[in-house]
Amino acid sequence: MSDESLITKPLNNDFVNLPKDLYVLNSLAMGIAIQMLAKVTGESIEDWKEYVGAKAGEQYRELSAEKIQEIVQSLDNFRAA
């Protein structure tokens, strides 16, 4: 898979394309983390989903296209190892 097919970040920052396995892995890990946080803190899963989603959006908006590509590539390298 070429580097160009791993990620697309338009100027308006509306989406990033990831390989399906990375998306699924990230979604599962985030779901588990949110469930654990809810259990440990006593806050609802919905509250944690909202908080984590807002934080992730904020952090994403601060990343450059190059940094996002670097993150995706490092994940891809980790999967290949």
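Predicted model: local features only at pLDDT ≥ 70, side-chain atom pairs only at ≥ 80, totals over all residues.
Which residues are exposed on the other side of α4?

## Helix α4

Glu-66 and Phe-78 are the exposed residues on the other side of α4. The buried residues of this helix are Ile-68, Gln-69, Val-72 and Asp-76. An α-helix has 3.6 residues a turn, so residues three or four places apart point the same way.

The length of α4 also fits. At 1.5 Å a residue, its 16 residues should span 22 Å. The end C-alpha atoms are 23 Å apart, which agrees.

## The aromatic pair

The structure holds one aromatic pair. Its partners are Trp-48 and Tyr-51. The arrangement is edge-to-face, with 5.7 Å centre to centre and 90 degrees between the planes.

Both residues belong to helix α3, residues 45–62. They are three residues apart there, so about one helical turn separates them. Trp-48 counts as buried, at 17% relative accessibility. Tyr-51 is partly exposed, with a relative accessible area of 46%.

## The largest pocket

The largest pocket holds about 710 Å³ of space. Its lining has 23 residues. Leu-18, Asn-26, Met-30, Ala-56 and Tyr-60 lie nearest the centre.

By type, the lining of the largest pocket divides into 16 nonpolar, five polar and two charged residues.

Terms used:
Residues numbered from 1 in each chain as written. Heavy atoms only, no water. Phe/Tyr/Trp six-rings, centres within 6.5 Å; stacked < 30°, edge-to-face > 60°. Helix = DSSP H or I, 4+ residues; strand = E, 2+ residues; numbered from the N terminus. Buried < 20%, exposed > 50% of the residue type's maximum accessible area, 1.4 Å probe, protein only. 1 Å grid on protein atoms, 1.4 Å probe; cavity = no way out; pocket = protein on both sides within 12 Å on 5 of 7 lines; lining within 4 Å. Points joined across faces, edges and corners; volume = space filled by probe spheres on them. Nonpolar A, V, L, I, M, F, W, Y, C, P; charged D, E, K, R; others polar. Expected span 1.5 Å × (residues − 1).
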